[in-house]
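Please open the model in your viewer and keep the sequence panel at hand.

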Amino acid sequence: MADEEDYTNLPVEEKIVHKVWKVRQDGYTALNDQFTKSRGPDDSCFSIFSQKPELVKQIVTDSNVVAQETALQALCSFFEFGGNGNNAAKLRNAGLITSLCEKGLSSNRAGTKAKAVDALLWIVELTNSGDAVIEQIVPFFDNRLPKLVAASVNAVYSIIEQFGCQVASPKPVIPKLAKLFSHADKNVRAQATTLTVEIYKWMGQGLTSVLMDSLRPVQQRDLQADFEKVAGDKPTQERLTKKQQEELAQQSTNDNEDVDMDAEKTPENGATPAEEFDPFSMLEPVEVLSKLPSNLHSSMASAKWKDRKEALDEVHAVLSKAPKLANDDYTDLVRIFAKCMKDANIQVVQLAANGIEFLSKGLKEGFHKYQHLVVGPMIERNKERKPAVTEALDNALDSIYQSSSLGDVLDETLNGMKHRTPQVKISATDYLRRCLANATVPQNSQETIRQAATDMIGTLMKITGERELQGFLEKVDENRLAKVKAAHDKAEVKTTASAASPQRKQPQQPSRLATSSTSKISSVPPLRKPTSSQAIPSKRGATSPAKKPETTKLPSSVRSLTGRSLVSSSTRPTPSAPEPVQKGPSIDAEQLRELESLRKEKQELLAHTKRLVEAQSQWEREREQCYEQMRQLQAQLETLQDDNAAKRQEVIDKDAEILHHKNEAGNAKLKILSMEQVIAMLKLNPTGNPDSLIEERRSDPPQPLFSPTRTVELQGEESRGTNNELSSRVDRLSIDGHNASGFQEPKQNYASPKRAELTRHTSSYSTSSSKENVSEEDNWKKAAEVTAQLKARIEKMKQRNRLSLNRP
């Protein structure tokens with residue numbers, strides 16, 4: 001008990017750092033009570049957290065889970081009652097978010113997780129931005145603990161759900177979604193689906209175009225089903241930041257008369273509609289010009305519609321995958337699309353219209369400098385009756401208007417309404433109707449701007465009538481609509497829609513009738529003196545014959561006189577002068593001269609424009625001719641290349657045939673030489689078997705004379721000489737005494753002249769340099785040595801034969 005009393009008497013600063021967790025918990029509870037009962041944000045009790053960020057990190061990572069939950073509650077109370085942008089940013093920069101994620105979101109206690117998420121939401125509210133908070137949470141998506149990954153995804157979902165994407169940008173989260181969907185833990189995948197659906201509420205189709213390609217088909221199907229469930233939901237910001245709360249309070253103070261509009265903007269639960277968020281800003285720009293086909297211009301200039309369609313298909317595939325385009329020069333591509341509007345093939349027209357739609361949606365305001373090239377041709381091409389083509393053109397025109405204004409497309413639309421083709425007039429009028437239908441009444445936070453817009457619409461309603469603008473004011477709230485009608489009643493205009501027609505007809509009718517009456521009187525004698533009322537009637541007379549006045553009936557004698565006047569000029573009644581017509585303000589001479597000069601400049605500009613158009617047309621024709629000549633030259637080049645290849649093949653075939661004939665001739669010569677060798681051998685050994693020698697020669701495989709192996713053999717024959725050949729032949733002979741004297745001459749004839757002739761014959765076909773080094777003198781010397789050796793061996797054989805004969 002004494003120890004507990006000592007703990008109780010300790011100051012709060014010592015309790016929250018005590019080694020006993022119960023003491024720390026008691027200190028956290030005491031801090032929470034002080035924060036809750038504080039007199040204001042400047043109370044001294046808040047200095048313990050605002051001046052010591054490291055102490056805050058320490059208490060939110062308490063080792064005891066019970067004390068940690070109490071510490072997180074004290075931190076939330078600090079943000080609620082004493083937090084501001086400075087101390088929240090100071091704690092955020094000190095690493096508080098990392099500590100909350102590591103120890104708070106990974107806790108097994110649901111209360112600890114909820115309080116950690118609440119602390120993160122307070123940081124977003126006080127710092128007026130959730131980008132820095134989300135950037136520090138996203139790295140935990142790659143953590144190895146599934147429960148920490150799921151809790152981190154849930155924290156990001158809570159931030160986006162409460163504050164919306166205009167406060168907390170999902171840009172760093174989108175690249176991580178595909179990896180979260182492939183996570184092994186089902187809780188992580190479920191949290192990823194919830195987060196993706198919430199982002200889809202804000203970004204719409206912009207998210208699908210970026211995310212779907214990186215998912216498996218099964219995941220795409222399930223996610224698309226979830227998207228369809230929330231397709232009609234309008235996202236709202238459930239929680240306001242500190243800055244938004246101050247602006248709303250200031251606005252409500254300064255604008256007390258527009259309570260209804262403010263109530264509509266801010267529902268009872270504090271939510272605000274997300275009308276200022278632009279999903280387009282969340283997308284990364286894509287560079288597409290380098291991905292277009294390199295032969296786009298030549299394909300579009302082709303006379304075949306299939307070539308043009310295939311080229312546009314490739315362009316369509318590239319542009320459809322780029323929801324946001326990089327800022328680049330697309331003039332050439334837009335000119336190609338504009339030229340396709342005059343194409344005879346409707347598929348080419350449809351693909352070009354789709355390309356224009358992709359460009360206008362991908363560039364937004366950046367497409368404004370190209371729209372004058374395509375709006376006019378698309379309106380003129382709207383004469384097509386095919387629903388697919390008409391729908392593609394209408395979608396492209398609507399997308400252009402969404403990224404521009406009515407004044408940018410009004411001139412081209414009015415020109416289309418004057419077109420000679422009825423269908424073009426109808427389409428242009430319908431396009432103007434759609435543009436006006438999409439134009440909404442501006443709603444601004446300042447009452448002066450709203451009042452000016454209200455007065456303008458009321459004056460316009462006074463001119464056109466209520467029925468003309470009634471369809472465009474359906475979405476305006478009743479309070480604002482009542483103010484528009486009040487402005488309509490107070491407006492004073494010189495011309496209105498109901499009074500314009502009678503005011504134009506009244507001054508014209510008397511003058512026309514006066515002229516008609518005067519012409520009749522000048523050709524017909526009057527029966528009675530006409531009165532002024534009869535000469536110039538103020539109202540149109542009755543058309544019924546029973547109600548015609550008697551003065552209009554003439555005798556038959558008068559009616560028979562055609563073209564002859566019976567009344568003198570002195571007796572003719574003078575027609576009363578017509579009522580003076582009011583003219584506009586007079587124009588002085590200087591203004592007339594300026595007007596004439598402007599007219600001359602206009603004529604010169606029109607003539608210059610006409611010359612430029614003619615020059616451009618001439619250039620287009622010359623370019624078409626150049627393309628046609630280029631295609632013809634390419635066709636001729638291909639034909640010449642084919643002919644050249646065929647000629648080369650013929651030359652190769654002829655060379656092969658010549659080589660074949662040379663091989664055959666060489667084989668024949670070799671066969672002749674072989675037979676000569678057989679004959680020479682038979683002469684040396686008359687008792688030998690000629691059939692065996694012939695079969696031996698036939699058994700040798702014939703080789704072509706000009707083959708690589710044969711060339712090598714022929715080159716080596718001179719070096720070998722006749723040593724090996726003659727020695728092998730002599731071994732097979734049985735030498736008698738009577739042929740000793742006649743051995744040298746045939747062998748010399750065979751070894752030297754014949755072999756020399758063969759050597760000279762083969763040397764003409766060989767390209768090797770080794771044959772040139774062998775001389776005939778060396779061959780003769782070798783042949784002489786071999787002959788001497790053979791003579792010695794023959795003598796020895798003769799001696800042995802004699803000895804064998806002399807034995808008894």
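This is a predicted model: local features need pLDDT of at least 70, side-chain atom pairs count only at pLDDT 80 or more; totals for chains, interfaces and linings use all residues.

Which residues touch the most other members of the largest nonpolar core? Select L75, F79 and I137: these touch the most other members among the 79 residues of that core. A nonpolar core here is a set of buried Ala, Val, Leu, Ile, Met, Phe, Trp, Tyr and Cys residues joined through side-chain atoms within 4.5 Å. Buried means under 20% relative accessible area, exposed over 50%, and partly exposed in between (1.4 Å probe, protein chains only). Helix α11 gives the most to this core, with 11 residues. Helices (H or I, at least four residues) and strands (E, at least two) are DSSP runs, numbered from the N terminus.

Residues are numbered from 1 along each chain as its sequence is written, and side-chain values use heavy atoms, with hydrogens and water left out.

**The whole chain**

Display the entire protein chain, whose secondary structure comes to 38 helices and 2 strands. Of its 808 residues, 35% count as buried. The accessible surface comes to about 49,600 Å², of which 51% belongs to carbon and sulfur atoms; such areas come from the Shrake-Rupley method with a 1.4 Å probe, and for residues only the protein chains shown count as cover. Contact means heavy atoms within 4.5 Å. Among contacts between residues at least 6 apart in sequence, 72% join residues at least 24 apart.

Return to I137 and show its surroundings. Leaving aside neighbours within four places in sequence, I137 is in contact with I97, C101, L120, S152, A155, V156 and I159.

Next, select residues 146-163, which form helix α11. How many of the residues of α11 are buried? The helix is mostly covered, with 13 of its 18 residues buried. Its end C-alpha atoms are 26 Å apart, which agrees with the 26 Å that 18 residues should span at 1.5 Å a residue; the expected span is 1.5 Å times one less than the number of residues. Just after α11, G164 takes a positive phi of about 80°.

**The aromatic cluster**

Select F35, F46, F49, F78 and F79, which ring pairs link into a cluster. Rings of Phe, Tyr and Trp (its six-membered ring) pair if their centres lie within 6.5 Å; planes under 30 degrees apart count as stacked, over 60 as edge-to-face and the rest as tilted. By this rule the count comes to 8 aromatic pairs. One of them, F35 with F46, is stacked, at 5.1 Å centre to centre and 15° between the planes. F35 lies in helix α3 (residues 21-36) and F46 in the loop between α3 and α4 (47-50), so the pair ties together parts that are 11 residues apart in sequence. Both F35 and F46 are buried. F78 and F79 form a tilted pair, 5.6 Å centre to centre with 55° between the planes, and both are likewise buried.

Select Q68, which lies in helix α6 (residues 65-82). At 4% relative accessibility, Q68 counts as buried. Beyond neighbours within four places in sequence, Q68 is in contact with V60, D62, K103, G104 and T112.

Then select R239 and W122. The charged end of R239 sits over the ring of W122, 4.8 Å from its centre; this requires NZ of Lys or CZ of Arg within 6 Å of the ring centre and within 35 degrees of the ring normal.

Select residues 371-381, helix α22, which is mostly covered: 8 of its 11 residues are buried. Cover for its buried residues includes α20 (331-340), α21, α23 (387-402), α24 (406-417) and α25 (422-438). Leaving aside neighbours within four places in sequence, Q371 is in contact with I400, S404 and D408.

**K361**

Is K361 buried or partly exposed? Select it in helix α21 (residues 346-363): at 40% relative accessibility, K361 counts as partly exposed. K361 and K324 are 37 residues apart in sequence and 7.5 Å apart in space, C-alpha to C-alpha. Leaving aside neighbours within four places in sequence, K361 is in contact with F280, P323 and S399.
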